Amino acid sequence: MKLKVLGTRGSFVSVKKENEIYGRNTSSFYLDAGTRLFLDAGTGILNCEDLPCEKAIHILLSHVHIDHVLGLFEWKPLYDPDREIRIYGHRRKGKTIMEQLDAIIGPPYWPIRLSQFPAKIRFYDLEEGKTLMIDDLAIDGIASIHPDETYMYRIENNGRSFGYALDYEAGRDEERKAERFFRNCDLVIFDGNDLPGQEKEGYGHSSWKQGMELCAEAKVRKLLISHYGYDLDDAVLKAEETAVGELSGTCVFAKEGMEISL
Ligand SMILES: [Zn+2]
Ligand SMILES: [Zn+2]
């Protein structure tokens with residue numbers, strides 16, 4: 001499996017030059033495991049549009065906060081009638097993933113609903129406890145702590161395991177659900193929206209330090225920090241990454257364009 005970092009910014013796209021090294025585009029990752037799979041569809045997904053047409057494209061959404069779906073509005077494959085695109089997510093407040101997306105991407109905010117875009121789009125609602133199989137990938141998910149809830153993923157393939165935990169508030173996870181869910185993962189993408197000591201209760205985010213604690217408790221081999229708070233510029237993130245590097249070689253800060261072999 002190869003993971004490509006397409007977007008790292010949290011909350012909203014940044015136009016600031018001071019953010020260009022760690023990334024200005026919002027959350028999106030591409031997992032190439034033979035299967036074409038995206039995690040979230042922030043503006044970073046616009047970095048990956050030229051994909052061969054013969055296979056379906058799969059997009060797993062953590063939730064529909066605007067920074068995680070903003071790339072869908074103009075993503076070229078969605079306007080290609082020869083494409084098949086499958087979008088997965090969990091029900092939120094009784095609404096299917098299609099209903100949630102159509103509420104944002106559709107009139108009066110956008111001329112047509114996402115479900116009416118030219119590509120053949122199929123929507124799938126995920127449930128906790130039911131493993132989703134896409135080719136050789138076994139995908140599980142659990143709802144986690146974030147305003148209006150988000151969904152964390154664990155993906156297994158050929159004995160390798162990979163976790164996705166953005167927009168997750170570790171400080172309020174009293175049942176330590178994440179620790180159990182990500183046990184023994186080879187890699188977890190973790191929410192680094194806040195700086196250590198500046199985590200805000202109820203905002204639904206975490207810091208790299210909380211990621212390191214999860215790493216130790218759940219025996220996760222490697223952490224990839226992403227979803228940087230809007231105000232965290234390159235200088236701040238570089239200093240944080242240096243501080244982490246002195247503590248451990250198992251924690252990496254994501255940069256837009258980075259590729260990792262799993
Ligand atoms: Zn977010
Ligand atoms: Zn969110």
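Along the sequence of this predicted model, the donor residues of the zinc ion (ligand 1) follow the spacing D-H-x98-D-x59-H. Asp-67 sits in the loop between β4 and β5, while Asp-167 sits in the loop between β10 and α2, so this pair ties together parts that are 100 residues apart in sequence. The protein donors of this ion are Asp-67 through OD, His-68 through NE2, Asp-167 through OD and His-227 through NE2, at 2.1 to 2.3 Å from the zinc. The angles among these 4 donor atoms run from 92 to 162 degrees, and the site of the zinc ion (ligand 1) is irregular. Tetrahedral geometry would need all angles between 85 and 135 degrees.

**The partner zinc**

What links the zinc ion (ligand 1) to the zinc ion (ligand 2)? Asp-167 does: this residue bridges the two ions, which lie 3.6 Å apart. The spacing of the donor residues for the zinc ion (ligand 2) reads H-x1-H-x80-H-x20-D. Around the zinc ion (ligand 2), the 4 donor atoms subtend angles of 89 to 171 degrees, which makes the arrangement irregular.

Here are the two sites, side by side:

| Zinc ion | Protein donors | Donor distances |
|---|---|---|
| Ligand 1 | Asp-67 (OD), His-68 (NE2), Asp-167 (OD), His-227 (NE2) | 2.1 to 2.3 Å |
| Ligand 2 | His-63 (NE2), His-65 (ND1), His-146 (NE2), Asp-167 (OD) | 2.1 to 2.3 Å |

His-65, by contrast, is partly exposed because its relative accessible area is 23%, and the cut-off for burial is under 20%.

**The sheet**

Turning to the strands, 7 of them form an open sheet with mixed pairing, in the order β6-β5-β4-β3-β2-β1-β14. Its edges are β6 (120-126) and β14 (259-261), each of which pairs on one side only. On average, neighbouring strands are turned by 20 degrees against each other, with direction ignored. Helix α1 (residues 97-104) packs on this sheet and touches β5 and β6, its direction making about 105 degrees with that of β5. At the β14 end, strand β1 (residues 2-7) pairs with β14 in the antiparallel sense over 3 bridges. Within these strands, Lys-4 stands opposite Glu-259 in β14.

**A closer look at Gln-210**

Gln-210 is part of helix α3 (residues 208-218). Its relative accessibility of 15% counts as buried. Which residues does Gln-210 contact, leaving aside its neighbours within four places in sequence? They are Ala-170, Gly-171, Phe-190, Glu-199 and His-205. Gly-192 is 18 residues away from Gln-210 along the chain, and the C-alpha atoms of the two are separated by 8.7 Å.

Key:
Residues numbered from 1 in each chain as written. Chains lettered and ligands numbered in written order. Predicted model: local features only at pLDDT ≥ 70, side-chain atom pairs only at ≥ 80, totals over all residues. Heavy atoms only, no water. Donors = N, O, S within 2.8 Å, 3.2 Å for Na, K, Ca; no water. Tetrahedral: all angles 85-135°; square planar, octahedral: opposite > 155°, others 65-115°. Buried < 20%, exposed > 50% of the residue type's maximum accessible area, 1.4 Å probe, protein only. Pairing = 2+ DSSP bridges. Helix = DSSP H or I, 4+ residues; strand = E, 2+ residues; numbered from the N terminus. Axes fitted to C-alpha atoms, helices over the stretch in contact; angles between N-to-C directions. Contact = heavy atoms within 4.5 Å.
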